[in-house]
Structure formats: C-alpha cells, structure tokens
Amino acid sequence: MPTVAPLDLEGHCIAAVFLGDVPHFAMADGAVHRLDHGHKTVQANDGLLAAFHDAANDRLITGGEDGKVFAVKASGEATELASAAKKWITSVAAGPQGAIAYATGKTAFVRFADSKTREFVHPRSVEGLAFSPKGMRFGVARYNGATLHFPAAEGKPVELEWAGAHTGITFSPDGAFLVTTMQENALHGWKLADGKHMRMTGYPGKVKSLSWSVKGKWLASSGAPAAIVWPFSGKDGPMGKAPLELGTRGNAMVTAVTCHPSQDVVAIGYDDGMVMAVRFADAKEVLLRRPGKGAITSMMWDKEERRVAFGSAAGDCGVIDITA
C-alpha cells in the first residue's frame, strides 16, 4: 500500500507541484508551502488566483489579486516578474526561452526573458493562456473560441471560432492540436493544420483539469465519475473514437487528473479526496489515498516517478510515496 505524508493547511490549494525534488503547495492566500527538511513557507501574492508549473525552468509562476506575477523557485525564493497595477491576474502560463504570459481583464501580456513585454488586447475577457510547445506562439481562451498570437513577430493573430464561453486552453505536446475547456460541460478542439473541429461532449460536470500523456497520444480529463481519456494518436485526434473511462466510481466525481511522466498511467483525484492510479492498457487500478477532506484540486508526479504531490479545496495536502 502506498504511504501518505499529510500536510494539513488552511484554505484552498491552487497548485501542488514538485520543484526539483521538493513538493510545493501554493494556497489561495498566496502562501507557498514546501516540505524541504521540514515545513517551510514563502509568501508570494497577496491572494493567489492562478499558478503554472514552468517545468523547463523548474519554477512555479503565480498571479493574484494584488496584480503581481511571481516566480517561486525550489530554494524558496519568490521573485516578482511583472505587475499590472492592482488589477487581478486571472491566468498565467510559461513558454519557451523563459517567456511567461499573464492576463488581466481583456488583455494578455507576454514577458520575454529579457523583461521586454508585449500586450494583446481582446474584445472580451481572457479566460485561459497556453504556449505552444513548438515555436514562440501562445493561445488565448476567450468567449466564442480561441486566438493564437505570435508574440515575437508582427502579424495578425489566428482566430479559431466556436460559440460559447471557453475557460481554459492547452496545446498537445506535438503542437498539432489545441483544446479548450468550456463553461458548458464539454471540451472543444481544433486540428491546427486545417482548422478541423473536434467536439468532446457528454460530461455530467464542468471539466476543470486536463493532462496529456507522455507522448501526447491521450488527453485525460475530469468532469465525470471517471477520468475521460480521449485518444489523440490518429491524424484527426479523437473524432469518431470513444474515450477510455478510467477509475469509474458511482458516488464521486473526478476533479483532477495528472498523467505519469513516462508510462500510460493516470493519477485521478476525486471530489471526496480519494486518489487512484489507473493504467490505460487494462484499466488496472491502484488506490493511492483513501478519501479525505475536500475535492482534490491539483496533483503532480515527481521526476523519479515514485511520488505524487496533491492538494485539496480544504487544504488537505500531502505526498504519496507509491514505492512504500
């Protein structure tokens, strides 16, 4: 049975991540807790709204109600990267070459590693941000679709239209597909080569968590009593194919998913605090954590692939060691 090292914190956990091999828990009050030879804390934002794990630079990018964007490193150092003068920072993302993006209201900003910043104004509010893994390109989720910008070059953005409110956004690891979460219980996708639409519907709840498998052949999602895992190995993505339904429970909803770093396995968090790992090939389940306090809001595997950090909406956080 895996062992759980609990960390009982106050409030809502926005992000549970590993920086280096140190688990970090970013809370809604802006405090970032870490388990580094004891429990230590650094204060980033005054009121945290958004966080993004910048894997390439081993840091956590945070944005909050104080209009500031911070980078938190494994050393416990929090560095202010940008400020939007008391406007709420509602979304953050990290991209290639040390660039970050952040949004407030209708405006998205890209800050390059040399501190130069460009701004991109949209007709409606910016709901989500993501960088493409290929080239300097970033996407904005907005009302009625998504917009693709090329921040290092001049030129018109690419507009991808689909009616409805789009709340989050992700590129596939090969940069071929773009997928948004929607205010309705659905995902929407575009094949970027030809703009073909991909509709992924049938969820009983809103999709709040997405995770790509290691080679991008699968996209796991929350929003149902199982993790809904869409196949993306074909040239048209999941169109005409049924998703896998993994870790089905009759009385609980999946609220967070995170795919394993090297295998076709997904860790699944539920609204009652339970965490399970399930293999795609045969749907074999391993219980990682029994139910606890609050819905699981964030999870991440470590680089050694033996621990999972998790956080919940009630501050019920911790680290699961699956090798124990």
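**Salt bridges and exposure**

Modeller: Let me start with D282, which is partly exposed, with a relative accessible area of 44%. This is a predicted model, in which local features need pLDDT of at least 70 and side-chain atom pairs count only at pLDDT 80 or more, while totals for chains, interfaces and linings use all residues. Residues are numbered from 1 along each chain as its sequence is written, and side-chain values use heavy atoms, leaving out hydrogens and water.

Colleague: Why is D282 called partly exposed?

Modeller: Buried means under 20% relative accessible area and exposed over 50%, with partly exposed in between (1.4 Å probe, protein chains only). D282 has 44%, so it is partly exposed.

Colleague: What makes R279 and D282 a salt bridge?

Modeller: The term asks for a side-chain nitrogen of Lys or Arg within 4 Å of a carboxyl oxygen of Asp or Glu. R279 and D282 are at 2.6 Å, N to O, so the pair qualifies.

Colleague: Is K191 buried or exposed?

Modeller: Buried, because its relative accessible area is 15%, against the limit of under 20%. The side chain of K191 forms a salt bridge with D236 (3.2 Å, N to O).

Colleague: And why does D8 count as exposed?

Modeller: D8 has 56% relative accessibility, and the label needs over 50%, so D8 is exposed. Its side chain meets that of K293 in a salt bridge at 3.3 Å, N to O.

Colleague: How many salt bridges are there in the whole structure?

Modeller: The search finds 17.
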